[in-house]
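Have the sequence and the 3D view open as you read.

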Amino acid sequence: MTVKKIHQLPRLYIKNLLAEGSAITLGEGPTHQLANVLRLNNDDEIRVFDEEAGEFLASLELPKKKNAIVHLKQQLQESPPASKPLWLYFAPIKKSRMDFLIEKAAELGVTDIQPVLTDRTEVRDLNYERITAQLVEAIEQCEAFHVPRLHKAIPLKNINASHKIYAALERRHATPLQQAITAHKEDAAGLLIGPEGGFTENETEWLEKTPGFVSVSLGDRILRAETAALYGLSLLI
Ligand code: SAM
């Protein structure tokens, strides 16, 4: 039998506050994932973590036809403090591109995801449960602790934030994002990315004159929405 190093053990997010010595019964989803997808067995070790208490080594109990139970053993890591708020405001795009964007935004360390409905938004019906599952999976995989909060979609003009929002506007000769953020890297911030068809003229003008938004360019090339979002986020983290 090969002995797995701790960092090779599957890592599972559990929302409850965890504590050494406790036993937690999992829901059907995680039970299926551990037993049927990862094909783990009774007494196998995994890692479990939450946002408050940190990460623990745990052993698995897989009773037949019942939900799995994890028995928490020693604590492996404390949860680090939450990072500065970094919001991604974006107009939802088509499925595979959005899946990619959601996963990568979580990996990069976005703290809040705010879908925004614009005149040309392609996708208006969001599957919040599915997106939340994708966020959790990305956080499990990248060894982070804090699952980004997913907010319900709102119309563009209803955005009301206490932080500055960099609005990515192509073809407007706006200040490059790198330049706009140099003095404010430590502050909470947001990045707003438009839909594949871009913001309308009316929306662009509204963004340019509304306090709280800072128009920025992401360069001379017109990037796909997900590329624009990830490029912008990588400068803001
Ligand atoms: N259909 C638009 C056009 O041809 O002008 C392009 C829209 S682009 C695919 C989607 C979004 O990505 C834009 O609304 C903007 O927020 C962002 N974006 C893409 N390239 C950009 C750039 N070079 N500078 C600023 N924002 C950009």
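Contact here means heavy atoms within 4.5 Å. With that cut-off, and not counting residues up to four places away in sequence, Leu191 touches Trp87, Leu88, Tyr89, Ile165, Tyr166, Leu177, Ala228, Ala229, Gly232, Leu233 and Leu236.

A word on the model: it is predicted, so local features need pLDDT of at least 70 and side-chain atom pairs count only at pLDDT 80 or more, while totals for chains, interfaces and linings use all residues. Residues are numbered from 1 along each chain as its sequence is written, and side-chain values use heavy atoms, leaving out hydrogens and water.

**The cores**

A nonpolar core is a set of buried Ala, Val, Leu, Ile, Met, Phe, Trp, Tyr and Cys residues joined through side-chain atoms within 4.5 Å. Buried means under 20% relative accessible area, exposed over 50%, and partly exposed in between, with a 1.4 Å probe and protein chains only. The largest nonpolar core has 38 residues, and Leu191 is among those with the most contacts inside it, as are Leu88, Phe90 and Tyr166. Elements that each supply at least two of its residues include β6 (86-90), β12 (189-193) and α6 (225-236). The largest share, seven residues, comes from α6. Helices (H or I, at least four residues) and strands (E, at least two) are DSSP runs, numbered from the N terminus. A second, separate core of 17 residues includes Ile14, Ala58, Leu60 and Ala68.

**The sheet around β3**

Five strands form an open sheet of mixed pairing, in the order β1-β3-β4-β5-β2. Two strands pair if DSSP finds at least two bridges between them. The edge strands, β1 and β2 (23-25), each pair on one side only. Strand β3 (residues 45-50) is mostly covered, with five of its six residues buried.

| Pair | Sense | Bridges |
|---|---|---|
| β1 (residues 11-13) and β3 | parallel | three bridges |
| β3 and β4 (residues 54-61) | antiparallel | six bridges |

Val48 of β3 is the bridge partner of Leu12, and Val48 also stands opposite Phe56 in β4. A hairpin of three residues joins β3 to β4.

Finally, which helix lies across β1 and β3? That helix is α3, running at about 140° to β1. Axes are lines fitted to C-alpha atoms, for helices over the stretch in contact, and angles run from 0 to 180 degrees between N-to-C directions.
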